[in-house]
Amino acid sequence: MVTLTQRQIERFRREARKTVRGAIISLEKYERSFADARRERDFFNEQLGLRLRVMRRIDGVSLRALAKKLKLSPSYVSDVELGRRAINDRLLGWLKARCEA
């Protein structure tokens, strides 16, 4: 059996505290960066959805007509326009084609 001196025990405790503090700080930084990324993604979805709605209305296309043309559900297109869901390739393609026209 190994016997540790009081000094060795205290040193071990200090090192353990440093390690735990470091892990907690790293976790907090990760959580903050993850939350920032989520906010950026949500902002991007809202802005893209708003632009989609504006372009659709400028073209005089109803939400249902656009959804039918792209073979998507009207509720999905509405959710994208409101920033609640991410845009898919078909909607992005339509928006891109509309911007290039």
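Predicted model: local features only at pLDDT ≥ 70, side-chain atom pairs only at ≥ 80, totals over all residues.

Q: Why does Asp36 count as partly exposed?
A: Asp36 has 36% relative accessibility. Buried means under 20% and exposed means over 50%. Asp36 lies in between, so the label is partly exposed.

Q: What makes Arg39 and Asp36 a salt bridge?
A: Their closest N and O atoms are 2.3 Å apart. The cut-off is within 4 Å, so the pair qualifies.

Q: How far apart are Arg39 and Asp36 along helix H1?
A: They are three residues apart, which means a separation of about one helical turn.

Q: Why is Arg39 called exposed?
A: Arg39 has 51% relative accessibility. Exposed needs over 50%, so Arg39 counts as exposed.

Q: What label does Arg41 get, and why?
A: Arg41 has 47% relative accessibility. That is between the 20% and 50% limits, so Arg41 is partly exposed. Arg41 forms a salt bridge with Asp42, with the closest N and O atoms 3.1 Å apart.

Q: Why is Asp79 called buried?
A: The relative accessible area of Asp79 is 19%. Buried means under 20%, so the label holds. Asp79 lies in helix H3 (residues 74-81).

Q: How do you know that Asp79 forms a salt bridge with Arg84?
A: The closest N and O atoms are 3.3 Å apart. That is within 4 Å, so the pair counts. Arg84, at 56% relative accessibility, is exposed.

Q: What makes Tyr30 exposed?
A: Tyr30 has 52% relative accessibility. The limit is over 50%, so Tyr30 is exposed. With Leu27 and Phe34, Tyr30 makes a nonpolar surface patch of about 330 Å².

Notes. Residues numbered from 1 in each chain as written. Heavy atoms only, no water. Helix = DSSP H or I, 4+ residues; strand = E, 2+ residues; numbered from the N terminus. Buried < 20%, exposed > 50% of the residue type's maximum accessible area, 1.4 Å probe, protein only. Patch = residues over 30% accessible without salt bridge, like charges linked within 9 Å, V, L, I, M, F, W, Y side chains within 5 Å. Areas by Shrake-Rupley, 256 points an atom, 1.4 Å probe, with all protein chains shown as cover. Salt bridge = Lys/Arg side-chain N within 4 Å of Asp/Glu carboxyl O.
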